[in-house]
Structures are given as structure tokens and as C-alpha cells.
Amino acid sequence: MARVLITGGSGLLGQACVIAFRVAGHEVFAPTHAEYDLTFDTVIDALIHTIKPDVILNCAAQRNPDLCETASPEVLALNVALPQRLARFGIPMIHISTDYVFNGTQAPYETDAQRKPLNMYGRQKADAEVAIEDLEHVAILRLPILYGPVEDLRQSAVTVLAANLLAAKGEPVLMDNLAVRYPTLTTDIAQQLLVMAPLVGKTLHGIFHYSGEEPITKHLMALHMARILKLDPAMCVPNNQAPTVPRPYDCHLSSKRLQQLQLYVPPTTFIDALPLVLNGPKEE
């Protein structure tokens with residue numbers, strides 16, 4: 001049993017990790033933002049000295065690319081400074097990063113591919129990676145778009161599509177049909193982290209990729225959701241206009257490194273997982 005600190009424990013991925021690590025018998029600490037505001041260095045020091053974790057899962061971040069464009073002090077504190085501040089304690093840590101460190105023109109991406117972010121979110125996450133990637137007690141796990149069990153469908157950039165369809169009451173809803181995404185289930189990621197965590201700082205460090213394997217646009221995701229929710233698929237209108245904040249076209253992450261190390265947890269297919277996810281609370 002290990003003492004596990006999960007930052008961002010109330011977020012989409014953090015919640016799945018809290019459950020998985022507790023079920024596995026670990027002592028889990030996932031303090032809320034109200035308890036510990038991780039944008040302050042002194043608060044981070046107090047957190048580490050109070051909990052004394054054996055391993056850290058850094059899931060805390062501002063992941064909305066539109067909100068990251070301002071590069072506000074709060075956003076930079078979470079996306080760039082926090083991973084470095086946590087790493088300086090020398091505690092084994094898995095830092096969660098993103099496929100947005102790439103520009104989406106040369107998929108699939110291996111772990112050693114050159115970073116070429118298109119937007120400020122990608123740049124912030126890339127900057128954080130560069131600062132900690134050579135530390136032997138740190139592993140970085142890049143992930144694509146996430147979805148999973150939620151209390152509110154708007155908690156995920158995937159399930160929010162279902163929330164928008166339900167709220168539209170039969171009216172057409174524009175859905176992005178440009179970027180190819182690889183939705184990845186948070187409960188699968190939590191299991192992957194369970195496999196990795198005991199090895200970090202021993203035999204495991206550097207950059208890793210984990211991803212769903214089904215290429216799909218948000219428009220196609222919405223079509224699947226409409227059928228499950230018994231809504232008219234014609235509500236889902238493809239949007240082929242580029243967003244204001246640029247998104248990469250296709251950032252498929254190759255999971256080859258985890259597979260070669262025989263640590264890979266095969267992901268659940270989107271088609272299989274989606275009905276289970278949407279059977280949770282839904283907006284009316």
C-alpha cells in the first residue's frame with residue numbers, strides 16, 4: 001500500500017484515479033482547491049509536508065484551450081509551474097500531459113516526436129514537459145481527449161456533446177467535423193496509471209503515450225450519442241469551420257512504448273463504453 005497524492009482529484013480523470021487507487025488498497029489523498037490552492041508555492045510545500053506521499057499523480061491543469069489563450073497567472077501556475085514545483089521534492093511522480101503538444105500533421109506520434117504545439121494550451125504543457133522530462137523520478141503520460149463516468153454531462157469535452165443535444169430539444173446542433181480525435185476512457189487510464197505508479201522512480205521514467213484507437217470527429221461522436229439517447233441523428237450538423245483557437249487535425253498517440261515494456265492496458269472501445277457512460281445522470 002502506498003500513500004498517493006492526486007492533484008486535480010475532483011476533475012474528470014482525478015475522480016477515476018481516486019476510485020481505482022482506493023479499490024487497489026492504496027491510501028489516497030485528493031485535497032480540493034478550497035483546501036489547497038496549488039497556484040501558490042507555499043501551499044504546495046504545506047501539502048507535501050502534511051501528506052508525505054510515496055507517489056504523486058499530477059492531474060491538475062486548466063485543459064480548456066480557449067481559457068488558456070490568455071496565459072493568465074492562474075493558468076500558468078497550474079499548467080507550467082505546478083509540475084516543476086511538485087517535481088522538486090524528488091517524490092516519484094506521474095505528470096499528465098496532452099496530445100496538443102503536437103500540431104497534428106504527422107500522426108501517429110511516438111514518444112520522441114518533436115513538439116510543435118499550435119495553441120497556448122499546447123505550448124504551456126510542452127514547456128512543463130521540457131522542464132521535468134529528464135528527471136529520473138518523473139514519468140510523463142500524454143493523453144488525448146477524455147471521457148468517462150460523470151455526474152454532469154458537461155464535465156467532459158466528449159459527453160458535453162450529449163448535454164448539448166439534450167438541451168437543444170430537437171433543434172440542430174453544430175458539431176466539429178474537422179479534428180480527428182481519439183476519445184479515451186478515464187477508468188482505463190486509471191488502470192494504466194495503477195500499472196505504472198509502482199515502477200516510477202525505479203525502472204520507469206520519461207515520456208509515455210496512452211490513447212484510444214478509434215479515429216472520430218466530434219460530429220461522429222454526437223451521432224453515436226444521438227442513437228443511444230434515442231434522439232434524431234439529423235440534429236447533429238457537421239461544422240467544417242476552423243475554430244478561433246486552432247486545434248491540431250490528428251494527434252494520434254502511439255502507445256508502442258508501453259506495449260514494448262509489457263505494461264499496456266488495452267483501452268475499451270468508444271462504441272462499447274459510450275452506452276455505459278451515458279447511462280449516468282443526463283440533463284433534460
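What volume does the largest cavity have? I looked this up first, and the largest cavity has a volume of about 60 Å³.

**Entry 1: ground rules.** I am reading a predicted model, in which local features need pLDDT of at least 70 and side-chain atom pairs count only at pLDDT 80 or more, while totals for chains, interfaces and linings use all residues. Residues are numbered from 1 along each chain as its sequence is written, and side-chain values use heavy atoms, with hydrogens and water left out.

**Entry 2: the cavity.** I noted that a cavity here is a set of points, on a 1 Å grid over the protein atoms alone, where a 1.4 Å probe fits but cannot get out, and that its lining residues have an atom within 4 Å of a point. Grid points are joined across faces, edges and corners, and the volume is the space filled by probe spheres set on the points. The count comes to one cavity of 30 Å³ or more. I listed its lining as Asp 99, Tyr 100, Ala 179, Val 180, Arg 181, Tyr 182, Pro 248, Tyr 249, Asp 250 and Cys 251. By class this lining has seven nonpolar, no polar and three charged residues, where Ala, Val, Leu, Ile, Met, Phe, Trp, Tyr, Cys and Pro count as nonpolar, Asp, Glu, Lys and Arg as charged, and the others, Gly among them, as polar.

**Entry 3: Thr 98.** I found Thr 98 in strand β4, strands being DSSP runs of E with at least two residues and helices runs of H or I with at least four, numbered from the N terminus. Thr 98 counts as buried because its relative accessibility is 5%, and buried means under 20% relative accessible area with a 1.4 Å probe, protein chains only. Leaving out residues up to four places away in sequence, Thr 98 touches Tyr 121, Lys 125, Arg 142 and Leu 143, a contact being heavy atoms within 4.5 Å. Its side chain makes a polar contact with the side chain of Asp 99 at 3.2 Å and reaches the backbone nitrogen of Tyr 100 at 3.0 Å. For a polar contact I need a pair of N or O atoms within 3.5 Å, one able to donate a hydrogen and the other to accept it, and residues adjacent in sequence count only if both atoms are side-chain atoms.

**Entry 4: Asn 119 and helix α5.** Asn 119 lies in the loop between β4 and α5, and at 1% relative accessibility Asn 119 counts as buried. I saw its side chain reach the backbone oxygen of Pro 246 at 2.8 Å, and at the start of α5 a side-chain oxygen of Asn 119 comes to within 3.4 Å of the backbone nitrogen of Tyr 121. I then checked the length of α5 (residues 120-132): its 13 residues should span 18 Å, and the end C-alpha atoms are 19 Å apart, which agrees; the expected span is 1.5 Å times one less than the number of residues. The buried residues of α5, among them Tyr 121, Lys 125 and Ile 132, pack against α3 (65-68), α4 (73-87), β4 (93-98), β5 (138-143) and β9 (206-209).

**Entry 5: His 252.** I placed His 252 in the loop between β10 (236-239) and α9 (256-260), and at 15% relative accessibility His 252 counts as buried. Apart from neighbours within four places in sequence, His 252 is in contact with Ala 107, Pro 108, Tyr 109, Tyr 182, Ser 211, Gly 212 and Glu 213.

Key: On a 1 Å grid over the protein atoms alone, a cavity is a set of points where a 1.4 Å probe fits but cannot get out, and a pocket is an open set with protein on both sides within 12 Å along at least five of seven lines; lining residues have an atom within 4 Å of a point. Buried means under 20% relative accessible area, exposed over 50%, partly exposed in between (1.4 Å probe, protein chains only).
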